[in-house]
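I opened this entry to get my bearings in a structure I had not seen before. My notes follow in the order in which I looked things up.

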Amino acid sequence: MRILPLLLCSLAALGACTQDKSGELRIVDAFAYAPITENSPAVAYFTLHNDSNADITIHAFKSRLFARAEMHETLIENGQSSMSPVTELRIEAGKTLHLQPGGMHLMLMQAHLSVSAGNPDTLTIAYNTNQTVVAEVTLRDRLADPASVGER
Amino acid sequence: MTSARHLLAGFLVLLGLAGAAWFFSQAVQPKPLSQATLLPESRPLVDFELLDEQGSPFRKPALLGNWHLLFFGFTHCPDICPATLQQLAIARQRLETQGSALPDIILVSVDPDRDSPAVLASYTKRFGDGIRGVTGSLPELRKLAGSFGVYFEKAPGIDDNYSVNHSAVVLLINPQAEFHALFSAPQNIDNLVNDLPLLMRQ
């Protein structure tokens with residue numbers, strides 16, 4: 001039965017497909033922007049669904065292309081923008097969390113190799129004790145992709 | 001019979017006049033701004049000296065003659081800075097498509113340690129035409145930013161891994177190098193496309 005979602009992902013040829021290994025934490029609508037310059041960070045956004053009836057605690061992120069993957073939150077208060085690291089994330093049972101431009105995001109830094117738009121990346125999210133969920137994303141070019149421009 | 005015709009003719013004339021008056025009032029009534037705040041009176045900019053993408057001095061006279069959108073940010077910013085520049089670039093493309101006047105976009109980097117002129121050149125060119133970057137010494141950056149009420153501050157970090165907190169406002173500078181209007185964060189492309197032609201007509 002687990003082959004079906006993977007097959008659908010391949011057939012749909014979407015920028016983001018998700019393989020949920022536990023059935024508790026589900027990632028949808030994942031996308032990422034490629035670094036703008038060699039040293040600038042990439043960024044990934046997605047929606048997390050906690051399909052279980054217990055709270056989930058996310059404690060680590062990993063990227064295949066980047067040495068560092070950190071969750072951050074952009075806060076805009078009185079016109080001032082600040083960014084805070086988020087080391088642990090709790091999603092209540094049955095709840096959904098959106099990572100979106102201008103808010104929470106996954107910052108990807110220190111690429112192992114030169115990366116650019118079109119490259120696929122694999123994001124792994126570790127949660128609870130030793131569970132993981134994986135999302136495949138293709139890095140996008142910001143200007144070539146105006147439909148997903150960050151507005152909230 | 002004749003008086004009835006006169007009455008009808010008079011009525012039609014009045015109807016036509018009322019329609020013309022309504023059409024004229026709609027045509028001259030200014031459209032409202034969606035997001036921007038127009039300053040009651042434009043304010044001349046302070047004198048400043050920054051560096052452009054070629055490492056040449058960038059001073060206030062460089063802003064004369066064209067409308068400019070200024071945004072304070074930095075190239076290691078993963079989220080709000082590239083998202084804002086992306087929005088400004090797309091708004092500029094849409095203004096170009098509809099034949100409107102085009103503002104130039106300037107990223108003022110508040111991270112001069114990492115954002116050299118060469119880094120800024122490489123960064124801004126990814127957002128298309130009409131966008132360039134400038135930076136400079138911290139005192140000069142603070143002087144310019146402070147004159148707009150824009151704040152920035154380096155956040156704690158290890159080695160080169162740090163962020164810079166900053167205002168996310170977009171400033172509109174008129175061709176006389178005066179602070180004319182501002183767009184508070186978060187930005188919205190439709191609002192930019194609606195408001196900029198209205199502001200640049202004034």
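**Chain B, overall**

I began with chain B, whose secondary structure comes to five helices and ten strands. I keep in mind throughout that this is a predicted model. Of the 202 residues in chain B, 39% are buried. I then looked at contacts in chain B between residues at least 6 apart in sequence, and found that 69% of them join residues at least 24 apart.

**Helix H5 of chain B**

I checked the length of helix H5, residues 189-200 of chain B, first. Its twelve residues should span 16 Å at 1.5 Å a residue, and its end C-alpha atoms are 16 Å apart, so the two values agree. Next I asked which residues of H5(B) are buried. I found B:Ile189, B:Leu192, B:Asp195 and B:Leu196. They cover an arc of only 130 degrees around the axis, and therefore sit on the same side of H5(B). I traced what these buried residues pack against: helix H2 (80-97) and strand E10 (178-183) of chain B.

**Helix H4 of chain B**

I repeated the search on helix H4, residues 138-148 of chain B, where B:Leu141, B:Leu144 and B:Ala145 are buried. Looking down the axis of H4(B), I see its buried residues within an arc of 95 degrees, so they line one face of the helix. Strand E4 (68-73) and strand E7 (152-154) of chain B are among what covers them. On the face of H4(B) turned away from the buried side, I noted the exposed residues B:Pro139 and B:Gly146. Just after H4(B) comes B:Gly149, which takes a positive phi of about 75 degrees.

**Strands of chain A**

I turned to chain A and followed strand E5 to its partners. E5(A) and E9(A) run antiparallel and are joined by seven bridges. One pair I looked up is A:Arg68 with its bridge partner A:Met109 in E9(A). E5(A) also pairs with E6(A), in the antiparallel sense, over six bridges. There I noted A:Leu75, whose bridge partner in E6(A) is A:Ser82. The hairpin of E5(A) and E6(A) has two residues between the strands, and A:Asn78 in it takes a positive phi near 55 degrees.

**One residue of E5(A)**

I picked A:Glu73, which has its place in strand E5 of chain A. Is A:Glu73 buried, exposed or partly exposed? I counted 15 other C-beta atoms within 10 Å of A:Glu73, so it is partly exposed. Apart from neighbours within four places in sequence, A:Glu73 is in contact with A:Met83, A:Ser84, A:Val86, A:Gly103 and A:Met104. I also looked up A:Leu99, 26 residues away along the chain from A:Glu73; their C-alpha atoms are separated by 8.8 Å.

**Where the chains meet**

Last, I looked at the interface, where 23 residues of chain A are in contact with 29 residues of chain B. Strand E5 (66-77), strand E6 (80-85) and strand E9 (104-111) of chain A are the elements that give two or more residues to the side of chain A that touches chain B. E6(A) gives the largest share of that side, four residues. By class, I count ten nonpolar, ten polar and three charged residues on this side of chain A. Strand pairing also crosses between the chains: E6(A) and strand E8 (residues 164-167) of chain B pair in the antiparallel sense over two bridges. In E8(B), I found B:Ser167 as the bridge partner of A:Gln80.

Key
Residues are numbered from 1 along each chain as its sequence is written. Chains are lettered from A and ligands numbered from 1 in the order in which they are written. This is a predicted model: local features need pLDDT of at least 70, side-chain atom pairs count only at pLDDT 80 or more; totals for chains, interfaces and linings use all residues. Two residues are in contact if their C-beta atoms, placed from the backbone, lie within 7 Å. Ala, Val, Leu, Ile, Met, Phe, Trp, Tyr, Cys and Pro count as nonpolar, Asp, Glu, Lys and Arg as charged, and the others, Gly among them, as polar. Two strands pair if DSSP finds at least two bridges between them. The expected span of a helix is 1.5 Å times one less than its number of residues. A residue is buried if 20 or more other C-beta atoms lie within 10 Å of its own, exposed if 12 or fewer, and partly exposed in between; C-beta atoms are placed from the backbone. The arc is that of the directions from the helix axis to the C-beta atoms.
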